[in-house]
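The sequence and structure are shown first.

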Amino acid sequence: MSARRLQGGSAPLRLLPGALRRGVERFAGRHQSLAVLVGVALVGAFLPVIVGVPPFSGFGNRNDFVDGFANAGVFVLLALGLNVVVGLAGLLDLGYAAFFAIGSYAYAYSASPFSHLDVPFWPMLLVGAMVAATFGILLGAPTLRLRGDYLAIVTLGFGEIVPVVFLNSDTYTNGTNGISAVYQPSAYGLFGIGSFGFGNPWPYYVTVLAIVAVAMMLLYRLQDSRLGRAWVAIREDEVAAASMGVNTVTTKLLAFAIGASTAGLAGVFNASKLSLVSPDQFGFTVSFTILAMVVLGGMGNIWGVAIGAFTLYEVQSVFLKQLTNFVHGIHLPAVDLGFLRLDISAIDFVQYQFLLYGLALVSMMLLRPEGLFPSRERKRELHESAEEAAESNEEVVQA
Amino acid sequence: MRRRPGRALLVPAILLLLATLDWSYMGTEQFVNALTIGAVYALIALGYTMVYGIIELINFAHGDVFMVGSFVTYWLLSSLGFNGTISDLPLLVVVLVGTFLAAMVVMGGIGVVIERFAYRPLRNAPRLAPLITAIGVSFILQNIIQIFFGPSVISAPQVMDVQARVNLGGVDVSVVKLFVIAVAFILMIALQTFVSRTRMGRAMRSTAIDRDAAQLMGVDINTTIAVTFFIGSALAGAAGVVQVLYLGTTNFQLGFQAGLKAFTSAVLGGIGNITGAALGGFLIGFIEVNSTVAGFSRWSEAIVFGILVLVLVFRPTGLLGQQLGERA
């Protein structure tokens with residue numbers, strides 16, 4: 001089962017020569033967790049090296065890049081979690097940032113001068129994940145019997161309410177200002193790479209790599225488990241799944257809880273890295289960005305989603321900035337349409353990342369709904385249902 | 001379904017009673033405010049409910065169609081050189097009629113284009129696909145507006161005198177608000193007549209009930225759905241004009257909140273039901289103004305979404321909705 005999936009879905013492996021590829025595939029099929037670990041470690045070691053080489057070295061120094069990679073890791077985690085909900089279980093969650101917020105605030109409240117508490121970072125990773133999962137269950141329990149698009153709206157509403165609650169509960173969250181000076185983790189000399197701090201992104205980078213690797217390992221195992229098959233069954237046909245003995249409520253709740261816990265984990269990490277948590281960090285745009293990452297990477301494909309998230313984050317934080325600098329440098333003439341004036345060389349492209357995301361979502365859905373790196377099952381399913389519907393329509397017309 | 005004739009009177013009676021109580025609670029000024037805000041939500045909610053009724057799609061981009069409508073109005077009025085109140089009555093009438101017509105036709109056209117390119121190709125795709133496209137369209141609209149008009153709040157010319165008041169049977173009311181409420185009611189009645197009396201309206205209703213059967217009966221599905229989008233988006237465009245007349249400000253992010261509230265209205269009234277959407281719009285307007293009057297203005301959004309969640313969980317068919325069977 002797992003061997004087949006890895007063979008079917010591994011586009012980068014196709015670049016390797018035949019014998020080597022078969023070797024890698026056989027290895028990955030037998031030792032999936034180890035393969036994930038090795039894969040993440042290889043990518044993690046490769047990234048800081050490549051940014052030292054032109055053209056990347058011209059865009060910034062290595063520490064800035066590594067800092068960006070650590071932030072990208074947060075989004076990779078978020079996308080992995082949302083992928084469980086949207087990609088595997090087929091539930092459209094548009095308020096996913098709410099769980100990110102809950103995890104962030106859980107850590108900020110437990111480890112900052114604001115509350116005079118100082119709970120260490122490492123256990124809080126688990127606590128934050130568990131708090132977020134609890135809220136996932138609290139939200140999911142009454143709403144998961146709703147059909148797909150209603151669920152989308154309820155989660156959207158939830159995603160709007162949570163920041164409002166954090167904004168207005170001044171006693172616990174310090175309102176608009178948010179909680180600042182959140183304590184950064186202490187490594188206790190575990191890594192031998194210096195202490196966590198703003199000047200040194202490396203400990204964060206290594207930590208996020210470790211979290212992503214563990215999360216991916218667990219998610220791969222979940223996907224191949226009885227629960228993973230139940231998710232896919234529900235996604236494809238809920239009624240059929242229920243009649244085959246799948247407990248749809250528990251299964252969907254678990255998807256929600258596991259998705260939420262990943263966001264909680266990412267929240268704790270992000271709060272400690274930024275050292276600041278405020279309500280405006282968790283708007284709808286965050287949920288939307290994560291959704292775009294999942295769709296772009298290929299709903300249901302774990303490593304595809306991870307690549308999608310990483311790519312989109314880097315496009316937004318590095319590519320658009322460089323594009324802006326480039327366009328400002330070449331002085332294009334402004335287009336004047338009477339009342340409207342469009343000055344391309346004055347545009348800050350970073351501001352329009354959401355235009356890019358919007359276009360990406362629309363064109364992906366129209367042209368390649370399975371994403372850039374599709375999971376084989378998902379691809380077949382998306383194309384099959386369209387074909388079936390087209391056929392049945394033809395029948396109607398002919399009749 | 002068994003008909004219960006008494007119920008048809010029960011709902012208006014309860015609403016009338018609540019409205020009277022509310023009037024004495026918050027006073028005329030706030031009561032009219034609630035009606036005005038409610039009228040805007042109702043106009044937007046109609047588009048949600050019509051589109052959902054016919055193709056079962058939550059058109060996330062609809063709130064942004066409203067937002068673009070307000071910018072079209074702003075652009076039109078300022079490029080025609082108006083920058084304040086028009087005191088010449090005949091000119092004012094011409095400008096108002098012209099603005100409403102232009103904004104409604106332009107937005108209707110944009111709605112048709114959106115349907116043609118973003119939703120029609122996905123009509124037979126899994127349900128998730130058009131939903132995600134709709135979110136994409138919403139962000140595209142927002143960013144196009146941001147490119148042309150910038151990210152800040154824009155103050156638009158208010159061609160009607162906001163200070164003007166009129167005495168209605170002993171009650172002092174703002175003219176603009178009265179005008180807004182009147183326009184909303186006229187448009188809603190026109191829509192109701194169109195849907196229930198014309199041939200195209202019948203095509204829309206039959207397509208909503210069973211698309212395949214309607215097609216077999218000779219209904220042109222594509223045209224019918226396009227017309228539905230045109231009307232829904234035109235109403236959102238009218239709401240955009242109202243926004244400029246009444247508040248005189250607009251912003252590229254206006255559509256998201258307004259869209260969510262309008263959608264809540266549509267769900268509250270019973271999605272797919274035109275009267276329900278109008279009723280829901282006014283109810284949400286009242287809930288919002290009431291929560292402000294009661295001193296919970298910081299929570300008004302949370303209250304509205306809380307209501308949405310409660311309605312969806314306990315009565316997904318809304319106040320006036322039909323039994324949807326396995327749909328909800």
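In which sense, right-handed or left-handed, does H13(A) pass H14(A)?

## H13 against H14 in chain A

The crossing of H13(A) over H14(A) is right-handed. This is a predicted model, and in it helix H13 covers residues 284–297 of chain A while helix H14 covers residues 302–330 of chain A. Their axes approach to within 7 Å, with a crossing angle of roughly 125°. H13(A) is therefore oblique to H14(A).

On the H13(A) side the contact is made by A:Thr289, A:Ala292, A:Met293, A:Val294, A:Leu296 and A:Gly297. H14(A) contributes A:Gly304, A:Val305, A:Gly308, A:Ala309, A:Leu312, A:Tyr313 and A:Gln316. Sorted by class, this contact of H13(A) with H14(A) holds 8 nonpolar and 5 polar residues, with no charged ones.

## H4 against H14 in chain A

Helix H4, residues 62–88 of chain A, also packs on H14(A): the two axes come within 8 Å and cross at roughly 140°. That angle makes H4(A) oblique to H14(A). The pass of H4(A) over H14(A) is a right-handed crossing.

H4(A) makes this contact through A:Phe65, A:Gly68, A:Phe69, A:Asn71, A:Ala72, A:Phe75, A:Val76, A:Ala79, A:Leu80 and A:Asn83. From H14(A) come A:Ile302, A:Val305, A:Ala306, A:Ala309, A:Phe310, A:Tyr313, A:Glu314 and A:Val318. The contact of H4(A) with H14(A) counts 14 nonpolar, 3 polar and 1 charged residues. A:Val305, A:Ala309 and A:Tyr313 of H14(A) take part in the contact with H4(A), and these residues also belong to the contact with H13(A).

## H5 against H12 in chain A

Helix H5 (residues 97–110 of chain A) and helix H12 (residues 248–274 of chain A) have axes that come within 6 Å and cross at roughly 45°. H5(A) is therefore oblique to H12(A). The crossing in which H5(A) passes H12(A) is right-handed.

In H5(A) the residues involved are A:Phe99, A:Phe100, A:Gly103, A:Ser104 and A:Tyr107. They meet residues of H12(A) including A:Phe256, A:Ala260, A:Ala263, A:Gly264, A:Ala266 and A:Gly267. Further along H12(A), A:Val268, A:Asn270, A:Ala271 and A:Ser272 are also part of the contact. By class, the contact of H5(A) with H12(A) has 9 nonpolar and 6 polar residues, and none that are charged.

## Chain B: content and dimensions

Chain B has 11 helices and 4 strands. Its C-alpha trace spans about 55 × 45 × 40 Å along the principal axes. The radius of gyration of chain B is 20 Å, which agrees with a compact globule because a chain of 328 residues would then have a value near 20 Å.

## Confidence

For the complex, the predictor gives an ipTM of 0.79 and a pTM of 0.83. Chain A has an average pLDDT of 81, and 83% of its residues score at least 70. Within chain A, confidence is highest in H12(A), at a mean of 93, and lowest in helix H1 (residues 2–9), at 42. The pLDDT is below 50 over residues 1–9 of chain A, a stretch with 18 contacts in the model beyond near neighbours in sequence.

Chain B averages a pLDDT of 86, with 95% of the residues at 70 or above. Residues 323–328 of chain B stay under 50 in pLDDT, and the model has 11 contacts for them beyond four places in sequence.

Notes
Residues are numbered from 1 along each chain as its sequence is written. Chains are lettered from A and ligands numbered from 1 in the order in which they are written. This is a predicted model: local features need pLDDT of at least 70, side-chain atom pairs count only at pLDDT 80 or more; totals for chains, interfaces and linings use all residues. Side-chain values use heavy atoms; hydrogens and water are left out. pLDDT is the predictor's confidence in each residue, from 0 to 100. Contact means heavy atoms within 4.5 Å. Axes are lines fitted to C-alpha atoms, for helices over the stretch in contact, and angles run from 0 to 180 degrees between N-to-C directions. Helices (H or I, at least four residues) and strands (E, at least two) are DSSP runs, numbered from the N terminus. Angles under 35 degrees count as roughly parallel, over 145 as roughly antiparallel, 65 to 115 as roughly perpendicular and the rest as oblique. A crossing is left-handed if the near helix is turned anticlockwise from the far one by less than a right angle, and right-handed if clockwise. Ala, Val, Leu, Ile, Met, Phe, Trp, Tyr, Cys and Pro count as nonpolar, Asp, Glu, Lys and Arg as charged, and the others, Gly among them, as polar. The radius of gyration is taken over C-alpha atoms; the globule rule is 2.2 Å times the number of residues to the power 0.38.
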